[in-house]
Amino acid sequence: MDYEIIRLCDRPELVRRAAVWFHEKWEVPLEAYLASMEDCLSGSGAVPQWYLAVEGRRIIGGLGVIENDFHPRRDLSPNVCAVYTEEDRRRRGVAGALLRFVCADMRTRGVNILYLVTEHTSFYERYGWEFLCTVQDEGEAGMLRLYRHSG
């Protein structure tokens with residue numbers, strides 16, 4: 001499998017495709033993705049940022065970095081969000097490569113600690129993330145696991 005990881009800020013022509021792709025995976029309004037991605041392109045701050053794993057012209061994975069990913073702990077920021085790998089490309093290291101890339105890129109932007117919320121157990125630990133606590137899923141009854149990555 002031959003793919004590359006790109007920063008959306010380096011490939012602004014992909015904004016619309018990326019926003020549609022994330023919207024289809026997570027059902028967050030398309031306009032929310034477009035607005036966040038336009039903020040990313042403005043270069044006004046380290047956050048938000050968006051990343052894609054691209055195989056040829058196909059998006060096979062992606063994630064973002066935003067201030068808060070639908071949880072009440074506003075002090076635990078910024079958050080990696082919308083982590084997704086296409087089903088036919090899972091178990092091939094795409095998500096791990098994306099996570100390593102985003103951590104390294106955010107360090108170059110002066111962000112040394114990242115957080116993320118998930119329902120998964122044991123997946124993120126493989127990539128150096130540490131379980132921190134559980135948090136209420138904003139607008140939902142359930143709890144989410146909140147992880148931290150530093151360094």
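Ile5, for instance, has Ala53 in E2 as its bridge partner. Before I go on, this is a predicted model, where local features need pLDDT of at least 70, side-chain atom pairs count only at pLDDT 80 or more, and totals for chains, interfaces and linings use all residues. Residues are numbered from 1 along each chain as its sequence is written, and side-chain values use heavy atoms, with hydrogens and water left out.

Two strands pair if DSSP finds at least two bridges between them.

On its other pairing, E2 is joined to strand E3 (residues 58-66) by seven bridges, again antiparallel. There, Gln49 has Val65 as its bridge partner. The E2-E3 hairpin has two residues between the strands, and Gly56 takes a positive phi near 65 degrees.

So is E2 (residues 49-55) buried or exposed? Seven of its seven residues are buried, so the strand is largely enclosed by the rest of the structure. Buried here is under 20% relative accessible area, exposed is over 50%, and partly exposed is in between, with a 1.4 Å probe and protein chains only. In a regular strand, side chains alternate between the two faces of the sheet. In E2 both faces are covered: Gln49, Tyr51, Ala53 and Glu55 are buried on one side, Trp50, Leu52 and Val54 on the other.

Next, Val80, which sits in strand E4 (residues 79-85). Val80 counts as buried because its relative accessibility is 1%. Leaving aside neighbours within four places in sequence, its contacts (heavy atoms within 4.5 Å) include Leu63, Val65, Leu99 and Trp129. Leu63 is 17 residues away along the chain, yet the two C-alpha atoms are separated by 6.9 Å.

Last, the pocket. A pocket is an open set of points on a 1 Å grid over the protein atoms alone, where a 1.4 Å probe fits, with protein on both sides within 12 Å along at least five of seven lines; lining residues have an atom within 4 Å of a point. The largest pocket is lined by 34 residues, with Trp26, Ala82, Val83, His120 and Tyr124 nearest its centre. Which element gives the most to that lining? E4 does, with six residues.

Conventions:
Helices (H or I, at least four residues) and strands (E, at least two) are DSSP runs, numbered from the N terminus.
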